[in-house]
Amino acid sequence: MNLAATLRVALLALRINKMRSALTMLGIIIGVAAVIVMIAVGNGAQARVEEQIKSLGSNIIMVLSGSVTSGGARGGSGSQPTIYEEDATAMMREIDDIQAAAPTLRASGQVIAGNANWSTTFYGITPEYLEVREWPIAEGRNFETTEMNGSGKVVLIGQTVAENLFGAANPLDQVIRVRKVPLTVIGVLQRKGQSMSGQDQDDTLLMPINTARTRVIGVTQAKSRSVSSIMVKVKDGADMTQAEAHLKELLRQRHRLQPGQDDDFYVRNLSEILQAQEASSKVMALLLAAVASVSLLVGGIGIMNIMLVSVTERTREIGLRMAVGARGRDILTQFLVEAVTLSVIGGLIGIVLGVSTALLIAKLAGWPTALSATAIILAAGFAAIIGIFFGYYPARKASRLLPIDALRYE
Amino acid sequence: MAALIQVDGLAKDYQMGSTLVHALRGVTLDIAAGEFVAVMGPSGSGKSTFMNLLGCLDQPSRGRYRLGEQEISQLSSDALAHVRNRQIGFVFQHFNLLARTSALDNVALPLLYSQLALTERVARAKQRLAQVGLAERMDHHPAQLSGGQQQRVAIARALVCHPQLVLADEPTGALDSRTSIEIMALLQQLNREGITIVLVTHEHDIALFASRIISFRDGVVVEDKANVPNDAAALLIKT
């Protein structure tokens, strides 16, 4: 019996029991569709979570000044300024994986506006800063190049500072005094909330780095170009560990450190968050795989159930086929092909249903869904394998019947 | 004529619960090619067991069975399937047609297992249906056919692989008397065309259409006689 003939016989048998075939297929259809939809929704959600984690700064490396040891007492980070604005420019120039490096000068103190005052942290920044922190301006405008280069007396304030100094009043174009230096508010930053370490990120004040250096903080001539930290943003998809290694190497080279000598700077990043994210996506994938196998398994058991009923019900047919010359293996093939046909047709319908449902969910519910070709191929392949696996037992049972017993079966 | 069937000491035992049933206790006989044999006997006489062994549907417990040039009792189940496909045609009491399947597909069923192309299968099945007078009804399902027509479809199916031997197990058992005679006329015609026919029946008047009548009782042959057959076709014209 050739394959075309077997397939024809199988299709005929399935057509004769249309309703039952459809119900059997339903298990596989729902299984495959569920897998596709679930993976699409899961991937979409994961992509969104990844994006959000990234905005928290998982792709940011902080470079801090090193410490100095005097009389056996080791000072903390930044006790000696060892990193410079030029280090930041060099990083951007020489390391491909780095998207931007923002050197900042950090200080804190009292700020005064009218009769209100507030103690806060302020930063001298370069244009890269807002890009690295992905921090848009809510009201007002960004610094202009002339203000950046020419130590303009302008300032951007965070939401917390705005509330404490101005309350409900509009802070734009108001003058605030930072360590007695009058600066004009040109913009208010969007609310960013707490940092990973629990700090209020909106309790801040940003000014051009030159303004901070020459007018507000005032640095000695020797450390004129030094900065407190450099915030480095690594490009999307680049390897954090590798970028960090390159960065360290570059800084050691620039600072002329001999092999064996300690780094004169510190490097910090949020790799823990990245690891947590990786772990969570692994759990997600496992969960989906589990759900996938359960739903497809149930569909497969449905097929086995129906095929077993079918074998019993068609015992006389099997006997007749054997009487007219079917070998055991012809019967085996016939029932196996029937089961596989059921599951493959069900799988194909399931794919169509799953893909359209995923698209519909994206459109109607506004959930992000990401259809994955791997998931579709996997689900379809699984459906076929399940057909063979669960079809084999009933088919073998049929093929082992003795012709005379099968023919006499009542 | 050369012997088509040679059986020697053929016996079959069944285990029924804890007792061993000797359904066939040693049968020795020859059937020549071209004979029309009726096998008779009350139920439990072993005639059905004998037929199943002749039809290669079952294996004997003891004894030898030769069909044509082949020693059947030595064959594997696959080889038996091949023998059933090529050399034997079956006609059953209850027709055993596939439900909801056209007459044409029913007739073509044995050809599925004989490595023929689809067009060849259809052509042969059509030819056999025409031979039994049902060319007009090849798209009908069994439920749309009368009992006699269904048995004709079954006979066409039995013939479609050009067997040497047709085994008919009570082929008229489910039919009225006139239709029975029609079916016997068809079988007699096939016999005249050279096909050996072995017919199991418990109706004496049906057995009289055969040229030889073998009677079974308690698993052994009790009578084996020649018979001048009634002509079924002539009987049909008379009535």
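Figure 1. Of the 239 residues in chain B, buried residues make up 48%. The secondary structure of chain B in this predicted model consists of 8 helices and 10 strands. Counting contacts in chain B between residues at least 6 apart in sequence, 68% join residues at least 24 apart.

Figure 2. H6(B) covers residues 177-192, 16 residues in total. Its end C-alpha atoms are 22 Å apart, which agrees with the 22 Å that these 16 residues should span at 1.5 Å a residue. Buried positions in H6(B) are B:Ser180, B:Ile181, B:Glu182, B:Ile183, B:Met184, B:Leu186, B:Leu187, B:Gln188, B:Leu190 and B:Asn191. An α-helix has 3.6 residues a turn, so residues three or four places apart point the same way. After H6(B) comes B:Gly194, with a positive phi near 110°.

**Figure 3. The open sheet E2-E1-E4-E5 of chain B.** This sheet has 4 strands, and the pairing is antiparallel. Its edge strands are E2 (19-32) and E5 (70-71), each of which pairs on one side only. E4(B), residues 62-67, pairs with E5(B) over 2 bridges in the antiparallel sense. Within E5(B), B:Glu71 is the residue opposite B:Arg66.

**Figure 4. Strand E10 of chain A and its pairing partners E7, E8 and E9.** E10(A) spans residues 181-189, and its pairing with E7(A), residues 137-140, is antiparallel over 3 bridges. A:Leu189 in E10(A) is the bridge partner of A:Ile137. E8(A), residues 154-157, runs parallel to E10(A) and is joined to it by 4 bridges. Here A:Leu156 has A:Gly187 of E10(A) as its bridge partner. E9(A), residues 175-178, is antiparallel to E10(A), again with 4 bridges. A:Val181 in E10(A) stands opposite A:Val178. The hairpin of E9(A) and E10(A) has 2 residues between the strands, and A:Arg179 in this hairpin takes a positive phi near 45°. In a regular strand the side chains alternate between the two faces of the sheet.

**Figure 5. The largest nonpolar core and a second, separate core.** The largest nonpolar core holds 126 residues, of which A:Ile36 and B:Val39 touch the most other members. Helix H2 of chain A (residues 18-58) gives the most to this core, 13 residues. Beyond its neighbours within four places in sequence, B:Val39 is in contact with B:Lys47, B:Phe50, B:Met51, B:Val198, B:Leu199, B:Val200, B:Ile214 and B:Phe216. The second core is separate and has 49 residues, among them A:Phe122, A:Leu206, A:Ile209 and A:Ala212.

**Figure 6. The contact between chain A and chain B.** Each chain's contribution is listed by residue count: 20 residues from chain A and 20 residues from chain B. On the side of chain A that touches chain B, at least two residues come from each of helices H1 (3-16), H10 (315-323), H11 (328-364) and H13 (403-408). H10(A) provides the largest share, 5 residues. By residue type, this side of chain A divides into 13 nonpolar, 3 polar and 4 charged residues.

Definitions and conventions. Residues numbered from 1 in each chain as written. Chains lettered and ligands numbered in written order. Predicted model: local features only at pLDDT ≥ 70, side-chain atom pairs only at ≥ 80, totals over all residues. Contact = placed C-beta atoms within 7 Å. Nonpolar A, V, L, I, M, F, W, Y, C, P; charged D, E, K, R; others polar. Core = buried A, V, L, I, M, F, W, Y, C linked by C-beta atoms within 7 Å. Buried ≥ 20, exposed ≤ 12 C-beta atoms within 10 Å, placed from the backbone. Pairing = 2+ DSSP bridges. Expected span 1.5 Å × (residues − 1).
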